[in-house]
Amino acid sequence: MIARRALLAGMAGLAMGPRIGRAGPTPDDPLQSVNWGLMREAFLGDAPFVFDDKVSVTAPTSAEDAMQVPFLIDATRLSRVLRILVFADLNPINRILDFTPGRLAPVLAARFKIQQATPLRAAALDGQGRWHVGGLWIDAMGGGCTAPALAHGEADWTARLGETSVRVFDREGRKRIRLQIRHPMDTGLAAGIPAFFIEQLVLTDAAGEVLGELATSEPVSENPLFTFELPTALGLSEVGIRARDNNGNVFSRKVTL
Amino acid sequence: MKRAAFALGLALLASPPALAFDYALRAEKIAEDTYLVPGRMEHFTRANGGNIVNTAFVVTGDGVVVIDSGPSLDYGRQLRALIATVTDRPIRLVLVTHAHPDHYLGDGAFADVPVAALPATRAEIEAMPGAILDGIYRLVGDAMAGTSSEPPRESVAPGPMTIGGHDFELIALDGHTAADLAVLDRTTGVLFAGDLAFLARTPTTPQADIDRWLAALVRLRALSPLLIVPGHGPAAPPPAALDQTEAYLRWLKQTLGAAAAEGRDAAEILALPLPPEFAGLAVAREEFARTVAHLYPAFERAVLSDD
(Lines give C-alpha, C1' and ligand atoms only; values in the text may rest on other atoms or scores of the structure.)
Protein backbone atom coordinates (compact mmCIF):
# COMPACT_ATOMS: atom_id res chain seq x y z
CA MET A 1 0.00 0.00 0.00
CA ILE A 2 2.77 2.35 0.95
CA ALA A 3 4.67 1.37 -2.17
CA ARG A 4 1.64 2.10 -4.32
CA ARG A 5 1.17 5.53 -2.81
CA ALA A 6 4.82 6.34 -3.48
CA LEU A 7 4.41 5.17 -7.06
CA LEU A 8 1.34 7.37 -7.56
CA ALA A 9 3.17 10.36 -6.15
CA GLY A 10 6.06 9.65 -8.50
CA MET A 11 3.73 9.49 -11.48
CA ALA A 12 2.13 12.76 -10.49
CA GLY A 13 5.59 14.25 -10.34
CA LEU A 14 6.40 13.03 -13.83
CA ALA A 15 3.14 14.32 -15.26
CA MET A 16 3.68 17.74 -13.78
CA GLY A 17 7.31 17.85 -14.83
CA PRO A 18 9.46 20.60 -13.39
CA ARG A 19 6.44 22.30 -11.79
CA ILE A 20 6.39 19.92 -8.88
CA GLY A 21 9.03 21.90 -7.04
CA ARG A 22 6.86 25.01 -6.99
CA ALA A 23 3.49 23.48 -6.20
CA GLY A 24 1.93 24.11 -2.83
CA PRO A 25 1.56 27.18 -0.68
CA THR A 26 4.45 29.50 -0.06
CA PRO A 27 4.99 31.16 3.31
CA ASP A 28 4.74 34.66 1.88
CA ASP A 29 1.35 34.17 0.18
CA PRO A 30 -1.13 36.17 2.27
CA LEU A 31 -3.94 33.97 0.96
CA GLN A 32 -2.10 30.70 1.73
CA SER A 33 -3.34 29.11 -1.47
CA VAL A 34 -2.27 25.56 -2.26
CA ASN A 35 -2.02 26.54 -5.93
CA TRP A 36 -0.08 29.79 -5.67
CA GLY A 37 3.18 28.18 -6.78
CA LEU A 38 1.67 27.07 -10.07
CA MET A 39 -0.16 30.36 -10.56
CA ARG A 40 3.05 32.29 -10.10
CA GLU A 41 4.87 30.13 -12.59
CA ALA A 42 2.07 30.21 -15.15
CA PHE A 43 1.30 33.93 -14.98
CA LEU A 44 4.41 35.72 -13.71
CA GLY A 45 7.18 33.32 -14.75
CA ASP A 46 10.49 34.34 -13.24
CA ALA A 47 9.68 38.04 -13.12
CA PRO A 48 10.04 39.80 -9.76
CA PHE A 49 6.81 40.25 -7.83
CA VAL A 50 5.47 41.52 -4.55
CA PHE A 51 2.17 41.00 -2.73
CA ASP A 52 0.81 44.51 -2.64
CA ASP A 53 -2.39 46.03 -1.19
CA LYS A 54 -2.00 48.89 -3.68
CA VAL A 55 -3.65 46.56 -6.16
CA SER A 56 -7.12 46.46 -4.68
CA VAL A 57 -9.50 43.65 -5.54
CA THR A 58 -13.07 44.24 -4.39
CA ALA A 59 -15.46 41.31 -4.55
CA PRO A 60 -17.93 39.52 -2.27
CA THR A 61 -16.24 37.15 0.20
CA SER A 62 -18.95 34.60 -0.58
CA ALA A 63 -20.40 34.05 -4.05
CA GLU A 64 -24.20 34.20 -3.94
CA ASP A 65 -24.46 33.58 -7.69
CA ALA A 66 -21.70 31.24 -8.88
CA MET A 67 -22.27 32.33 -12.48
CA GLN A 68 -21.96 36.06 -11.85
CA VAL A 69 -19.35 37.02 -9.26
CA PRO A 70 -18.64 40.75 -9.51
CA PHE A 71 -15.16 42.13 -8.99
CA LEU A 72 -13.46 45.49 -9.33
CA ILE A 73 -9.70 45.88 -9.78
CA ASP A 74 -8.12 49.23 -8.97
CA ALA A 75 -4.37 49.67 -9.45
CA THR A 76 -4.39 53.48 -9.60
CA ARG A 77 -2.21 53.68 -6.47
CA LEU A 78 0.71 52.34 -8.52
CA SER A 79 2.55 55.00 -10.52
CA ARG A 80 2.42 53.27 -13.89
CA VAL A 81 0.65 50.10 -14.90
CA LEU A 82 1.44 48.32 -18.17
CA ARG A 83 -0.71 45.24 -17.74
CA ILE A 84 -3.14 43.63 -15.29
CA LEU A 85 -3.73 39.88 -15.14
CA VAL A 86 -6.80 38.61 -13.32
CA PHE A 87 -6.97 34.92 -12.38
CA ALA A 88 -8.55 32.49 -9.93
CA ASP A 89 -6.14 29.94 -8.39
CA LEU A 90 -8.67 27.12 -8.09
CA ASN A 91 -10.93 27.59 -11.10
CA PRO A 92 -10.64 24.86 -13.78
CA ILE A 93 -9.67 27.66 -16.18
CA ASN A 94 -7.53 30.03 -14.18
CA ARG A 95 -7.15 33.05 -16.42
CA ILE A 96 -10.07 35.48 -16.45
CA LEU A 97 -8.68 38.71 -17.95
CA ASP A 98 -5.48 40.11 -19.38
CA PHE A 99 -5.78 43.90 -19.50
CA THR A 100 -3.44 46.29 -21.28
CA PRO A 101 -4.72 49.68 -20.08
CA GLY A 102 -2.73 51.82 -22.54
CA ARG A 103 -4.33 55.27 -22.21
CA LEU A 104 -7.15 53.96 -19.98
CA ALA A 105 -6.96 54.12 -16.18
CA PRO A 106 -5.77 50.89 -14.50
CA VAL A 107 -9.30 50.23 -13.25
CA LEU A 108 -11.50 47.41 -14.41
CA ALA A 109 -14.70 45.71 -13.27
CA ALA A 110 -16.26 42.54 -14.65
CA ARG A 111 -17.89 39.29 -13.50
CA PHE A 112 -16.70 35.72 -13.52
CA LYS A 113 -17.95 32.17 -13.06
CA ILE A 114 -16.66 30.44 -9.96
CA GLN A 115 -16.35 26.66 -9.76
CA GLN A 116 -15.38 26.32 -6.09
CA ALA A 117 -13.97 28.47 -3.29
CA THR A 118 -10.85 30.13 -4.66
CA PRO A 119 -8.52 33.09 -4.35
CA LEU A 120 -9.23 35.78 -6.93
CA ARG A 121 -6.06 37.69 -7.81
CA ALA A 122 -5.02 40.68 -9.83
CA ALA A 123 -1.35 41.08 -10.79
CA ALA A 124 -0.34 44.53 -12.07
CA LEU A 125 2.93 44.99 -13.97
CA ASP A 126 4.69 48.27 -13.25
CA GLY A 127 7.09 50.24 -15.47
CA GLN A 128 10.12 48.52 -13.89
CA GLY A 129 8.92 45.06 -14.87
CA ARG A 130 7.77 44.12 -11.40
CA TRP A 131 4.38 42.50 -10.65
CA HIS A 132 2.21 43.73 -7.78
CA VAL A 133 -0.26 41.08 -6.66
CA GLY A 134 -3.51 41.73 -4.76
CA GLY A 135 -6.42 39.43 -4.08
CA LEU A 136 -8.91 37.83 -1.74
CA TRP A 137 -10.61 34.49 -1.07
CA ILE A 138 -14.13 34.01 -2.36
CA ASP A 139 -16.14 31.22 -0.79
CA ALA A 140 -18.57 29.45 -3.11
CA MET A 141 -20.97 26.58 -3.32
CA GLY A 142 -19.62 26.34 -6.83
CA GLY A 143 -20.54 24.90 -10.19
CA GLY A 144 -20.42 28.17 -12.12
CA CYS A 145 -18.03 26.99 -14.85
CA THR A 146 -19.74 23.69 -15.65
CA ALA A 147 -23.33 24.94 -15.77
CA PRO A 148 -24.79 25.79 -19.18
CA ALA A 149 -25.32 29.48 -19.92
CA LEU A 150 -28.87 30.70 -19.32
CA ALA A 151 -29.00 31.70 -23.00
CA HIS A 152 -29.39 28.05 -23.98
CA GLY A 153 -32.80 28.07 -22.34
CA GLU A 154 -33.94 30.85 -24.69
CA ALA A 155 -35.19 30.11 -28.22
CA ASP A 156 -33.80 33.24 -29.84
CA TRP A 157 -30.46 33.83 -28.19
CA THR A 158 -28.54 33.77 -31.47
CA ALA A 159 -30.73 36.59 -32.86
CA ARG A 160 -29.47 38.95 -30.17
CA LEU A 161 -25.86 37.73 -30.05
CA GLY A 162 -23.44 40.60 -29.70
CA GLU A 163 -26.05 43.27 -28.88
CA THR A 164 -24.11 45.85 -26.94
CA SER A 165 -25.48 48.34 -24.40
CA VAL A 166 -23.18 51.08 -23.27
CA ARG A 167 -23.36 54.14 -21.08
CA VAL A 168 -20.85 56.74 -19.94
CA PHE A 169 -20.77 58.16 -16.40
CA ASP A 170 -18.79 61.10 -15.03
CA ARG A 171 -16.56 60.11 -12.12
CA GLU A 172 -14.11 62.52 -10.44
CA GLY A 173 -11.71 63.40 -13.27
CA ARG A 174 -12.58 60.32 -15.28
CA LYS A 175 -15.17 59.05 -17.66
CA ARG A 176 -16.49 55.65 -16.70
CA ILE A 177 -17.66 53.45 -19.55
CA ARG A 178 -19.91 50.53 -18.70
CA LEU A 179 -20.80 48.14 -21.48
CA GLN A 180 -22.65 44.88 -21.68
CA ILE A 181 -22.51 42.47 -24.61
CA ARG A 182 -25.02 39.68 -25.13
CA HIS A 183 -22.98 36.52 -25.40
CA PRO A 184 -23.29 33.08 -23.75
CA MET A 185 -19.55 32.95 -22.89
CA ASP A 186 -19.59 29.14 -22.92
CA THR A 187 -16.63 27.64 -21.11
CA GLY A 188 -16.69 24.33 -23.00
CA LEU A 189 -17.05 22.59 -19.62
CA ALA A 190 -20.85 22.17 -19.75
CA ALA A 191 -21.78 18.83 -21.31
CA GLY A 192 -22.32 19.04 -25.05
CA ILE A 193 -21.71 22.78 -25.33
CA PRO A 194 -18.40 23.75 -26.95
CA ALA A 195 -16.34 26.71 -25.80
CA PHE A 196 -17.80 29.87 -27.33
CA PHE A 197 -16.64 33.11 -25.80
CA ILE A 198 -15.43 36.64 -26.46
CA GLU A 199 -11.65 36.61 -26.59
CA GLN A 200 -10.80 40.21 -27.22
CA LEU A 201 -12.19 43.65 -26.55
CA VAL A 202 -10.51 46.79 -27.90
CA LEU A 203 -11.35 50.41 -27.11
CA THR A 204 -10.25 52.97 -29.71
CA ASP A 205 -10.35 56.75 -30.12
CA ALA A 206 -12.11 58.58 -32.99
CA ALA A 207 -9.05 58.09 -35.22
CA GLY A 208 -9.13 54.34 -34.64
CA GLU A 209 -6.01 54.36 -32.44
CA VAL A 210 -6.10 51.81 -29.62
CA LEU A 211 -6.85 53.26 -26.18
CA GLY A 212 -6.69 49.98 -24.32
CA GLU A 213 -7.12 46.28 -24.87
CA LEU A 214 -8.63 43.43 -22.91
CA ALA A 215 -8.15 39.72 -23.56
CA THR A 216 -11.05 37.78 -22.07
CA SER A 217 -11.20 34.08 -21.20
CA GLU A 218 -13.88 31.43 -20.66
CA PRO A 219 -14.60 32.21 -16.98
CA VAL A 220 -15.91 35.70 -17.82
CA SER A 221 -19.66 35.63 -17.07
CA GLU A 222 -22.47 35.33 -19.60
CA ASN A 223 -23.61 38.65 -21.09
CA PRO A 224 -20.40 40.20 -19.82
CA LEU A 225 -20.59 43.61 -18.21
CA PHE A 226 -17.30 45.52 -18.29
CA THR A 227 -16.40 48.77 -16.59
CA PHE A 228 -13.49 50.90 -17.86
CA GLU A 229 -12.33 54.38 -16.94
CA LEU A 230 -10.42 56.93 -18.93
CA PRO A 231 -9.05 60.28 -17.84
CA THR A 232 -11.35 63.18 -18.74
CA ALA A 233 -8.14 65.11 -19.52
CA LEU A 234 -7.71 63.05 -22.68
CA GLY A 235 -10.50 65.22 -24.10
CA LEU A 236 -11.92 62.44 -26.25
CA SER A 237 -15.25 62.98 -27.96
CA GLU A 238 -16.05 59.36 -28.74
CA VAL A 239 -14.83 55.84 -28.10
CA GLY A 240 -15.08 52.86 -30.41
CA ILE A 241 -15.70 49.42 -28.92
CA ARG A 242 -14.82 46.27 -30.84
CA ALA A 243 -15.21 42.74 -29.52
CA ARG A 244 -14.31 39.46 -31.19
CA ASP A 245 -15.24 35.94 -30.12
CA ASN A 246 -13.45 32.64 -30.76
CA ASN A 247 -15.80 31.89 -33.68
CA GLY A 248 -14.69 35.03 -35.49
CA ASN A 249 -17.84 37.08 -34.79
CA VAL A 250 -17.03 40.76 -34.46
CA PHE A 251 -19.28 43.17 -32.58
CA SER A 252 -18.58 46.87 -32.69
CA ARG A 253 -20.21 50.15 -31.84
CA LYS A 254 -19.32 53.69 -30.84
CA VAL A 255 -20.23 55.77 -27.84
CA THR A 256 -20.16 59.54 -27.48
CA LEU A 257 -18.49 60.80 -24.32
CA MET B 1 -3.37 -4.61 6.78
CA LYS B 2 -6.13 -5.20 4.27
CA ARG B 3 -7.94 -7.45 6.70
CA ALA B 4 -7.71 -4.80 9.43
CA ALA B 5 -9.22 -2.21 7.11
CA PHE B 6 -12.04 -4.61 6.21
CA ALA B 7 -12.77 -5.25 9.89
CA LEU B 8 -12.83 -1.51 10.57
CA GLY B 9 -15.27 -1.07 7.68
CA LEU B 10 -17.57 -3.72 9.13
CA ALA B 11 -17.39 -2.05 12.54
CA LEU B 12 -18.41 1.27 10.99
CA LEU B 13 -21.30 -0.35 9.15
CA ALA B 14 -22.47 -2.06 12.32
CA SER B 15 -22.30 1.05 14.50
CA PRO B 16 -25.69 2.55 15.39
CA PRO B 17 -26.91 5.52 13.32
CA ALA B 18 -25.68 8.91 14.49
CA LEU B 19 -27.97 10.68 16.95
CA ALA B 20 -30.30 13.20 15.32
CA PHE B 21 -29.36 16.86 15.66
CA ASP B 22 -31.17 18.28 18.70
CA TYR B 23 -33.03 21.46 17.69
CA ALA B 24 -34.19 22.09 21.27
CA LEU B 25 -37.45 23.41 19.85
CA ARG B 26 -39.83 25.19 22.19
CA ALA B 27 -43.40 26.30 21.69
CA GLU B 28 -44.24 29.83 22.75
CA LYS B 29 -47.96 30.43 23.35
CA ILE B 30 -48.74 33.69 21.57
CA ALA B 31 -52.58 33.59 21.54
CA GLU B 32 -55.44 31.24 22.40
CA ASP B 33 -54.67 27.80 20.86
CA THR B 34 -51.72 29.37 19.00
CA TYR B 35 -48.02 28.57 19.34
CA LEU B 36 -44.89 30.00 17.77
CA VAL B 37 -41.74 27.87 17.43
CA PRO B 38 -39.12 30.58 17.07
CA GLY B 39 -35.96 30.13 15.04
CA ARG B 40 -32.64 31.90 15.41
CA MET B 41 -32.08 35.14 13.54
CA GLU B 42 -28.96 33.79 11.83
CA HIS B 43 -27.78 32.24 8.60
CA PHE B 44 -27.63 28.47 8.03
CA THR B 45 -24.82 27.03 10.15
CA ARG B 46 -23.82 23.65 11.47
CA ALA B 47 -24.46 24.92 14.99
CA ASN B 48 -28.08 25.93 14.34
CA GLY B 49 -28.91 22.97 12.10
CA GLY B 50 -30.69 25.33 9.72
CA ASN B 51 -33.19 26.47 12.37
CA ILE B 52 -33.32 30.09 11.28
CA VAL B 53 -37.05 30.15 10.67
CA ASN B 54 -40.33 30.52 12.55
CA THR B 55 -42.86 27.74 12.37
CA ALA B 56 -46.21 27.85 14.15
CA PHE B 57 -49.26 25.77 14.93
CA VAL B 58 -52.88 26.29 15.89
CA VAL B 59 -54.64 23.67 18.00
CA THR B 60 -58.22 23.66 16.68
CA GLY B 61 -61.16 21.57 17.85
CA ASP B 62 -60.61 19.37 14.82
CA GLY B 63 -56.87 18.86 14.92
CA VAL B 64 -53.72 20.90 14.53
CA VAL B 65 -52.96 23.28 11.67
CA VAL B 66 -49.20 23.66 11.19
CA ILE B 67 -47.71 26.64 9.37
CA ASP B 68 -44.41 25.68 7.72
CA SER B 69 -42.42 22.56 8.52
CA GLY B 70 -38.90 23.92 8.97
CA PRO B 71 -35.50 23.36 7.38
CA SER B 72 -34.93 19.58 7.62
CA LEU B 73 -36.51 16.18 8.11
CA ASP B 74 -35.26 16.04 11.69
CA TYR B 75 -36.65 19.50 12.40
CA GLY B 76 -40.03 18.33 11.08
CA ARG B 77 -39.91 15.24 13.30
CA GLN B 78 -38.98 17.27 16.36
CA LEU B 79 -41.67 19.85 15.58
CA ARG B 80 -44.19 17.02 15.47
CA ALA B 81 -42.92 15.68 18.80
CA LEU B 82 -43.16 19.17 20.28
CA ILE B 83 -46.78 19.51 19.11
CA ALA B 84 -47.53 16.18 20.80
CA THR B 85 -46.35 17.62 24.12
CA VAL B 86 -48.93 20.42 23.78
CA THR B 87 -51.92 18.44 22.52
CA ASP B 88 -52.89 14.87 21.77
CA ARG B 89 -55.03 15.98 18.82
CA PRO B 90 -53.85 14.80 15.39
CA ILE B 91 -52.25 16.97 12.75
CA ARG B 92 -55.06 18.07 10.48
CA LEU B 93 -53.13 20.15 7.88
CA VAL B 94 -49.65 21.51 7.16
CA LEU B 95 -49.58 24.77 5.19
CA VAL B 96 -46.36 25.72 3.39
CA THR B 97 -46.16 29.51 3.01
CA HIS B 98 -43.64 29.62 0.15
CA ALA B 99 -40.95 27.74 -1.73
CA HIS B 100 -37.92 28.59 0.39
CA PRO B 101 -36.13 25.54 1.77
CA ASP B 102 -36.07 26.64 5.40
CA HIS B 103 -39.88 26.67 5.35
CA TYR B 104 -40.76 23.33 3.76
CA LEU B 105 -37.91 20.80 4.05
CA GLY B 106 -39.50 19.39 7.21
CA ASP B 107 -42.45 18.19 5.11
CA GLY B 108 -41.00 14.67 5.07
CA ALA B 109 -42.02 14.28 8.73
CA PHE B 110 -45.66 14.89 7.78
CA ALA B 111 -45.95 12.34 4.95
CA ASP B 112 -49.08 10.77 6.50
CA VAL B 113 -51.11 14.01 6.73
CA PRO B 114 -52.22 16.62 4.18
CA VAL B 115 -49.46 19.08 3.28
CA ALA B 116 -50.66 21.93 1.09
CA ALA B 117 -49.42 25.10 -0.62
CA LEU B 118 -50.45 27.50 -3.35
CA PRO B 119 -50.22 25.86 -6.81
CA ALA B 120 -47.39 28.18 -7.86
CA THR B 121 -45.44 27.26 -4.71
CA ARG B 122 -45.82 23.58 -5.55
CA ALA B 123 -44.56 24.31 -9.09
CA GLU B 124 -41.60 26.28 -7.76
CA ILE B 125 -40.59 23.46 -5.43
CA GLU B 126 -41.02 20.96 -8.27
CA ALA B 127 -38.63 23.03 -10.41
CA MET B 128 -36.13 23.67 -7.58
CA PRO B 129 -32.63 22.82 -8.80
CA GLY B 130 -30.94 20.11 -6.76
CA ALA B 131 -28.08 22.54 -6.23
CA ILE B 132 -30.21 24.47 -3.73
CA LEU B 133 -30.42 21.46 -1.45
CA ASP B 134 -26.72 20.72 -2.01
CA GLY B 135 -25.94 24.23 -0.84
CA ILE B 136 -27.87 23.79 2.39
CA TYR B 137 -26.27 20.40 3.05
CA ARG B 138 -22.92 22.13 2.61
CA LEU B 139 -23.77 24.83 5.15
CA VAL B 140 -25.70 22.78 7.69
CA GLY B 141 -24.14 19.33 7.41
CA ASP B 142 -25.42 16.33 9.40
CA ALA B 143 -28.64 17.94 10.62
CA MET B 144 -29.89 17.68 7.03
CA ALA B 145 -29.53 13.88 6.96
CA GLY B 146 -32.41 12.20 5.14
CA THR B 147 -33.95 15.48 4.01
CA SER B 148 -35.34 15.69 0.49
CA SER B 149 -37.16 18.40 -1.43
CA GLU B 150 -40.65 17.28 -2.45
CA PRO B 151 -43.49 19.57 -3.49
CA PRO B 152 -46.55 19.55 -1.18
CA ARG B 153 -49.10 17.06 -2.52
CA GLU B 154 -52.14 19.30 -2.18
CA SER B 155 -53.12 22.79 -3.29
CA VAL B 156 -54.95 25.46 -1.36
CA ALA B 157 -56.94 28.30 -2.91
CA PRO B 158 -57.29 31.76 -1.39
CA GLY B 159 -60.42 32.37 0.66
CA PRO B 160 -62.01 31.38 3.96
CA MET B 161 -61.30 27.97 5.53
CA THR B 162 -62.92 26.96 8.82
CA ILE B 163 -61.31 24.19 10.81
CA GLY B 164 -62.35 23.10 14.30
CA GLY B 165 -63.89 26.45 15.28
CA HIS B 166 -61.11 28.61 13.82
CA ASP B 167 -62.03 30.83 10.89
CA PHE B 168 -58.94 31.08 8.74
CA GLU B 169 -58.53 33.33 5.74
CA LEU B 170 -55.95 32.23 3.18
CA ILE B 171 -54.44 35.11 1.22
CA ALA B 172 -52.49 34.48 -1.99
CA LEU B 173 -49.81 37.11 -2.48
CA ASP B 174 -46.35 37.37 -4.04
CA GLY B 175 -43.27 39.55 -4.06
CA HIS B 176 -41.01 37.70 -1.65
CA THR B 177 -41.28 34.77 -4.05
CA ALA B 178 -43.60 34.04 -7.00
CA ALA B 179 -46.25 32.82 -4.55
CA ASP B 180 -46.53 33.78 -0.88
CA LEU B 181 -49.31 32.43 1.28
CA ALA B 182 -50.41 34.51 4.26
CA VAL B 183 -52.76 32.95 6.80
CA LEU B 184 -55.05 35.06 8.97
CA ASP B 185 -56.80 33.33 11.86
CA ARG B 186 -59.85 35.57 12.29
CA THR B 187 -60.76 33.75 15.48
CA THR B 188 -57.61 34.95 17.28
CA GLY B 189 -56.56 37.86 15.07
CA VAL B 190 -53.13 36.28 14.44
CA LEU B 191 -51.64 36.80 10.99
CA PHE B 192 -49.02 34.28 9.85
CA ALA B 193 -47.26 36.44 7.30
CA GLY B 194 -44.59 33.99 6.10
CA ASP B 195 -41.59 35.81 4.68
CA LEU B 196 -43.64 38.77 3.49
CA ALA B 197 -42.80 40.17 6.93
CA PHE B 198 -39.50 40.18 8.80
CA LEU B 199 -38.84 41.74 12.20
CA ALA B 200 -35.42 42.54 13.68
CA ARG B 201 -33.89 40.32 10.98
CA THR B 202 -32.91 41.55 7.51
CA PRO B 203 -35.29 40.44 4.72
CA THR B 204 -34.00 37.92 2.17
CA THR B 205 -34.45 38.51 -1.54
CA PRO B 206 -33.43 35.53 -3.75
CA GLN B 207 -36.68 35.64 -5.74
CA ALA B 208 -37.92 39.04 -4.64
CA ASP B 209 -39.84 41.54 -6.73
CA ILE B 210 -39.71 44.70 -4.64
CA ASP B 211 -42.77 46.42 -6.14
CA ARG B 212 -44.97 43.35 -5.84
CA TRP B 213 -43.73 42.77 -2.29
CA LEU B 214 -44.64 46.35 -1.34
CA ALA B 215 -48.10 45.80 -2.83
CA ALA B 216 -48.47 42.63 -0.73
CA LEU B 217 -47.63 44.59 2.42
CA VAL B 218 -50.48 46.99 1.63
CA ARG B 219 -52.83 43.99 1.48
CA LEU B 220 -51.55 42.65 4.82
CA ARG B 221 -52.04 46.01 6.53
CA ALA B 222 -55.64 46.10 5.34
CA LEU B 223 -56.34 42.84 7.21
CA SER B 224 -55.90 44.69 10.54
CA PRO B 225 -54.55 41.71 12.48
CA LEU B 226 -53.96 41.85 16.24
CA LEU B 227 -50.63 40.05 16.10
CA ILE B 228 -48.21 39.30 13.26
CA VAL B 229 -45.99 36.23 13.12
CA PRO B 230 -43.19 37.07 10.67
CA GLY B 231 -41.24 34.38 8.85
CA HIS B 232 -38.17 35.42 10.81
CA GLY B 233 -38.10 37.41 14.04
CA PRO B 234 -40.42 37.79 17.02
CA ALA B 235 -44.22 37.92 16.90
CA ALA B 236 -45.46 41.43 17.57
CA PRO B 237 -48.60 43.54 17.13
CA PRO B 238 -48.76 45.52 13.90
CA PRO B 239 -47.39 47.55 12.38
CA ALA B 240 -43.81 46.76 13.54
CA ALA B 241 -42.92 43.96 11.11
CA LEU B 242 -44.83 45.54 8.22
CA ASP B 243 -43.24 48.95 8.77
CA GLN B 244 -39.73 47.57 9.08
CA THR B 245 -40.03 45.33 6.02
CA GLU B 246 -41.54 48.13 3.96
CA ALA B 247 -38.89 50.66 5.00
CA TYR B 248 -36.09 48.24 4.14
CA LEU B 249 -37.55 47.42 0.71
CA ARG B 250 -38.03 51.11 -0.08
CA TRP B 251 -34.46 51.84 0.98
CA LEU B 252 -33.17 48.95 -1.18
CA LYS B 253 -35.05 50.20 -4.23
CA GLN B 254 -33.85 53.77 -3.77
CA THR B 255 -30.24 52.80 -2.98
CA LEU B 256 -29.78 50.26 -5.77
CA GLY B 257 -31.46 52.55 -8.28
CA ALA B 258 -29.25 55.49 -7.33
CA ALA B 259 -26.09 53.37 -7.44
CA ALA B 260 -26.93 52.08 -10.91
CA ALA B 261 -27.64 55.63 -12.11
CA GLU B 262 -24.18 56.67 -10.85
CA GLY B 263 -22.59 53.83 -12.81
CA ARG B 264 -21.39 51.90 -9.81
CA ASP B 265 -20.42 48.27 -10.19
CA ALA B 266 -21.96 45.60 -7.97
CA ALA B 267 -18.58 44.95 -6.34
CA GLU B 268 -18.39 48.57 -5.21
CA ILE B 269 -21.78 48.75 -3.54
CA LEU B 270 -21.25 45.68 -1.34
CA ALA B 271 -19.53 47.93 1.18
CA LEU B 272 -22.05 50.80 1.09
CA PRO B 273 -22.87 52.02 4.59
CA LEU B 274 -26.20 50.74 5.89
CA PRO B 275 -28.46 53.33 7.55
CA PRO B 276 -28.56 52.97 11.36
CA GLU B 277 -32.14 51.71 11.31
CA PHE B 278 -31.07 48.68 9.25
CA ALA B 279 -27.43 48.20 10.31
CA GLY B 280 -28.63 46.75 13.62
CA LEU B 281 -30.89 44.12 12.06
CA ALA B 282 -29.63 40.55 12.34
CA VAL B 283 -27.34 39.49 9.44
CA ALA B 284 -27.73 42.93 7.80
CA ARG B 285 -24.37 43.05 6.02
CA GLU B 286 -24.57 39.48 4.73
CA GLU B 287 -28.11 39.85 3.46
CA PHE B 288 -27.37 43.15 1.77
CA ALA B 289 -24.45 41.52 -0.10
CA ARG B 290 -26.77 38.68 -1.18
CA THR B 291 -29.40 41.19 -2.28
CA VAL B 292 -26.85 42.98 -4.47
CA ALA B 293 -26.33 39.66 -6.29
CA HIS B 294 -30.08 39.02 -6.56
CA LEU B 295 -31.47 42.40 -7.50
CA TYR B 296 -28.74 44.78 -8.67
CA PRO B 297 -28.25 43.28 -12.17
CA ALA B 298 -31.79 44.33 -13.17
CA PHE B 299 -31.12 47.90 -12.01
CA GLU B 300 -27.88 47.94 -14.02
CA ARG B 301 -29.59 46.61 -17.14
CA ALA B 302 -32.28 49.26 -16.87
CA VAL B 303 -29.67 52.04 -16.78
CA LEU B 304 -27.50 50.59 -19.56
CA SER B 305 -30.31 49.83 -21.97
CA ASP B 306 -31.83 53.31 -22.07
CA ASP B 307 -28.90 54.81 -23.96
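## A buried arginine and its partners

In this predicted model, A:Arg121 and A:Asp89 are both buried. Their side chains meet in a salt bridge, 2.8 Å from N to O. The pair links distant parts of the chain. A:Arg121 sits in strand β8 of chain A, while A:Asp89 sits in the loop between β5 and β6. They are 32 residues apart.

A:Arg121 also forms a salt bridge with A:Asp29, at 2.9 Å. A:Asp29 lies in the loop between α1 and α2 of chain A, 92 residues from A:Arg121. A:Asp29 counts as buried because its relative accessible area is 2%, under the 20% cut-off.

## Salt bridges elsewhere

Over all chains, the whole structure holds 33 salt bridges. One of them joins B:Glu246 to B:Arg221, with the closest N and O atoms 2.7 Å apart. B:Glu246 is in helix α7 and B:Arg221 in helix α6 of chain B, so the pair ties together parts 25 residues apart in sequence. B:Arg221 is partly exposed, at 30% relative accessible area.

Shared partners also build a network. Its members are A:Arg171, A:Arg174, A:Arg176, A:Glu229 and B:Glu268.

## Helix α7 of chain B

Helix α7 covers residues 240–261 of chain B. Its 22 residues should span 32 Å at 1.5 Å a residue, and the end C-alpha atoms are 32 Å apart, so the two agree. Its buried residues include B:Leu242, B:Tyr248 and B:Trp251. After the helix comes B:Gly263, with a positive phi near 80°.

## A buried histidine

B:His232 lies in strand β12 of chain B. With 2% relative accessibility, B:His232 is buried. Its side chain makes a polar contact with that of B:Asp195, at 3.2 Å. B:His232 also touches other residues, among them B:Asp102, B:His103 and B:Phe198.

How values were computed
Residues are numbered from 1 along each chain as its sequence is written. Chains are lettered from A and ligands numbered from 1 in the order in which they are written. This is a predicted model: local features need pLDDT of at least 70, side-chain atom pairs count only at pLDDT 80 or more; totals for chains, interfaces and linings use all residues. Side-chain values use heavy atoms; hydrogens and water are left out. Helices (H or I, at least four residues) and strands (E, at least two) are DSSP runs, numbered from the N terminus. Buried means under 20% relative accessible area, exposed over 50%, partly exposed in between (1.4 Å probe, protein chains only). A polar contact is a pair of N or O atoms within 3.5 Å; within protein, one must be able to donate a hydrogen and the other to accept it, and residues adjacent in sequence count only if both atoms are side-chain atoms. Contact means heavy atoms within 4.5 Å. The expected span of a helix is 1.5 Å times one less than its number of residues. A salt bridge is a side-chain nitrogen of Lys or Arg within 4 Å of a carboxyl oxygen of Asp or Glu. Lists of a residue's contacts leave out its neighbours within four places in sequence.
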